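Dear colleague,

Please read them with the model open beside you.

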Amino acid sequence: MLVLIQIVLGILGVLLLVLGMLNGKRDESGKFIGISIKPNKKLGLAMIPLILCLATSCVVFIPANTVGIRWSAISGTNENTLGEGVAIKSPVDRIYQISTTVQEKQMDNVAVQTLDAQWVSMSLNIKYQVDQANAYKVFKNYKTLENLDTNLISNVTQRSVEEVT
């Protein structure tokens, strides 16, 4: 919704800017002789939607139990994470959010072989949490918690169970 408002404000501001700068030139008799481009009051009013559009694109809200990861096409992933609440960002930055709540993964029918060559099948419930200070590493390597869950948690759990049994 915020993106739609930014687009509407941007289009409105550009239209008002163009219309505000175009003034018809008229001679002494009032006959139209051309268009001149010069600043006037309309130009100042046209700047209001543009400023609002820019301001809304520079503010982001990070919900509770979430950390914001700043990513820029210019500099890549920033190591400084954004905490909960309102944060200021550059218009070219994107903010990705990663949950810092305790995540839970259920793994059923995990089959491992014990040291005495017996096969054991078990169900596991794994709980993990992303550290706020290291959330940028999770984003940089996995992008989402679903990818972390699939590519790291499952594999590490399987190997850990194999080592223990």
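Read along the sequence, the protein follows the pattern α-β-β-α-β-β-β-β-β-β-β-α-α, which comes to four helices and nine strands, where helices (H or I, at least four residues) and strands (E, at least two) are DSSP runs numbered from the N terminus. This is a predicted model, in which local features need pLDDT of at least 70 and side-chain atom pairs count only at pLDDT 80 or more, while totals for chains, interfaces and linings use all residues. Residues are numbered from 1 along each chain as its sequence is written, and side-chain values use heavy atoms, with hydrogens and water left out.

Some totals for the protein come next. Of its 165 residues, 32% are buried, a word that stands for under 20% relative accessible area, with exposed meaning over 50% and partly exposed lying in between (1.4 Å probe, protein chains only). The accessible surface comes to about 11,200 Å², and 60% of this belongs to carbon and sulfur atoms; the areas come from the Shrake-Rupley method with a 1.4 Å probe, and for residues only the protein chains shown count as cover. Among contacts (heavy atoms within 4.5 Å) between residues at least 6 apart in sequence, 54% join residues at least 24 apart.

As to the strands, two are taken to pair if DSSP finds at least two bridges between them. An open sheet is formed by three strands in the order S5-S4-S7, with antiparallel pairing. Strand S5 (76–77) and S7 stand at its edges with a single partner strand each, so one side of each is left without a neighbour in the sheet. S4 and S7 run antiparallel and are joined by seven bridges, and Trp71 stands opposite Arg94 in S7. S8 and S9 also pair in the antiparallel sense, over nine bridges, and the bridge partner of Val110 is Met122 in S9. The hairpin of S8 and S9 has five residues between the strands, and Ala117 there takes a positive phi near 65°.

Turning to the interior, in soluble globular proteins nonpolar side chains tend to be buried together. A nonpolar core is here a set of buried Ala, Val, Leu, Ile, Met, Phe, Trp, Tyr and Cys residues joined through side-chain atoms within 4.5 Å. The largest such core has 18 residues, and those with the most contacts inside it are Ile69, Ile98, Leu124, Ile126, Val130 and Leu148. Two or more residues are given to this core by each of strand S4 (66–72), strand S8 (103–113), strand S9 (119–128), helix H3 (135–142) and helix H4 (145–164). Apart from it lies another core, of five residues, including Ile62, Leu82, Ala87 and Ile95.

Ile69 lies in strand S4 and is buried, with a relative accessible area of 0%. If residues up to four places away in sequence are not counted, Ile69 touches Thr77, Thr81, Arg94, Ile95, Tyr96, Ile98, Ala135, Tyr136 and Phe139. The C-alpha atoms of Ile69 and Lys140 are separated by 9.4 Å, although these residues are 71 apart along the chain.

With a salt bridge taken as a side-chain nitrogen of Lys or Arg within 4 Å of a carboxyl oxygen of Asp or Glu, the count comes to two. In one of them the side chains of Arg70 and Asp93 meet at 3.5 Å, N to O; Arg70 lies in strand S4 and Asp93 in strand S7 (residues 93–99), so the pair ties together parts that are 23 residues apart in sequence. Both partners are buried, Arg70 with a relative accessible area of 17% and Asp93 with one of 10%. The side chains of Lys105 and Asp149 also meet in a salt bridge, at 3.6 Å, N to O, and this pair links distant parts of the chain, with Lys105 in strand S8 and Asp149 in helix H4, 44 residues apart. Lys105 is buried, with a relative accessible area of 15%.

Lastly, on the surface, Val59, Phe61, Val86 and Ile88 form a nonpolar patch with about 420 Å² of accessible area together. Patches are made of residues with over 30% relative accessible area and no salt bridge, like charges being joined within 9 Å and nonpolar side chains (Val, Leu, Ile, Met, Phe, Trp, Tyr) within 5 Å. Strand S3 (59–62) and strand S6 (85–88) are the elements that give two or more residues to the nonpolar patch. Ile88, which is found in strand S6, counts as exposed at 61% relative accessibility.

With best regards
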